[in-house]
Amino acid sequence: MKFICLIALSIILLSSCYYDKAQLIYPAAGTCDTTSANYSTKVAPIISANCAVCHGGTATAGAGIKLDNYTGLKIYVGNGQLLNSINQTGVVPAMPLSAGKLTDCEISQITAWINAGALNN
Ligand code: HEC
């Protein structure tokens with residue numbers, strides 16, 4: 001069981017590392033791929049890297065709001081608060097709280113996923 005947890009944790013950590021590096025290597029606008037903005041490959045890693053510290057697992061800093069699973073995240077897709085928070089429109093508190101805004105590409109990918117029906121894909 002511990003071994004499986006370790007593997008799962010490694011996958012999560014490695015995927016977020018990979019994502020960060022991609023941001024450094026391809027920072028220029030116009031390289032943002034929104035055509036395959038799936039939950040598992042794009043959205044979940046963004047949430048994991050930027051939001052899960054407060055909104056994931058047993059974290060308490062996120063006011064009890066859990067965004068590190070599809071069902072939890074879908075609630076905030078449906079009520080519009082996810083997009084309002086990351087676009088920092090002022091309608092709801094700007095997210096990520098006390099950190100830099102997500103990149104335009106990350107916001108575009110999350111938006112593309114929502115526009116495609118916010119599927120658990
Ligand atoms: C440092 C901790 C922290 C981080 C990181 C963080 N949040 Fe939050 N988030 C909060 C807190 C605290 C609240 C409750 C704020 C309130 O209602 O005043 C909240 C509320 C929210 C809400 C509900 C809006 C509402 O009505 O208050 C959404 C949606 C949300 N966060 C999304 C995100 C997303 C998406 C990310 C990552 C991009 C993120 N958060 C990162 C702490 C955090």
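**Notes on the model**

1. Let me start with Gln88, partly exposed at 31% relative accessibility. Keep in mind throughout that this is a predicted model. Gln88 belongs to the loop between helix 5 and helix 6.

2. You'll find Ala118 in the segment after helix 6. Buried or exposed? Ala118 has a relative accessible area of 1%, so with the cut-off for buried at under 20% it counts as buried.

3. Back to the loop between helix 5 and helix 6, where Pro96 is placed. The peptide bond joining Met95 and Pro96 is cis, with omega at about -5°. Most peptide bonds are trans, so I'd flag this one too. Met95 turns up again at the ligand, as one of the closest residues to it.

4. Now the overall layout. The protein chain has six helices and zero strands, and its pattern along the sequence reads α-α-α-α-α-α. The chain has 121 residues, and 29% of them count as buried. As for contacts, take those between residues at least 6 apart in sequence: 54% of them join residues at least 24 apart.

5. On to the ligand. Which residues are closest to it? They are Cys51, Cys54, His55, Gln81 and Met95, out of 21 residues that surround the ligand. The space the ligand takes is the second largest pocket. Two elements give two or more residues each to the shell, namely helix 3 (52-55) and helix 5 (81-87). Helix 5 provides the largest share, with four residues.

6. What is the make-up of that shell, in nonpolar, polar and charged residues? The count is 16 nonpolar, five polar and no charged. Even so, there are polar atom pairs to check. His55 has a polar side-chain atom 2.7 Å from a nitrogen atom of the ligand. Gln81 places a polar side-chain atom 3.1 Å from an oxygen atom of the ligand.

7. Next, have a look at Asn87 in helix 5. Its relative accessible area is 31%, so Asn87 is partly exposed. Which residues does Asn87 contact, leaving aside its neighbours within four places in sequence? Those are Lys101 and Ile107. For Ile107, the C-alpha to C-alpha distance to Asn87 is 7.4 Å, with the two residues 20 apart in sequence.

8. Last one: Gln109, which sits in helix 6. With a relative accessible area of 4%, Gln109 is buried. Where does its side chain go? The side chain of Gln109 reaches the backbone oxygen of Asp33, at 3.0 Å.

9. For the ligand, go to the polar side-chain atoms of His55 and Gln81.

Note on methods. Residues numbered from 1 in each chain as written. Predicted model: local features only at pLDDT ≥ 70, side-chain atom pairs only at ≥ 80, totals over all residues. Heavy atoms only, no water. Near = heavy atom within 4 Å. Polar contact = N/O pair within 3.5 Å; in protein donor to acceptor, adjacent residues only side chain to side chain. 1 Å grid on protein atoms, 1.4 Å probe; cavity = no way out; pocket = protein on both sides within 12 Å on 5 of 7 lines; lining within 4 Å. Sits in = over half its atoms within 2 Å of the grid points. Nonpolar A, V, L, I, M, F, W, Y, C, P; charged D, E, K, R; others polar. Buried < 20%, exposed > 50% of the residue type's maximum accessible area, 1.4 Å probe, protein only. Contact = heavy atoms within 4.5 Å.
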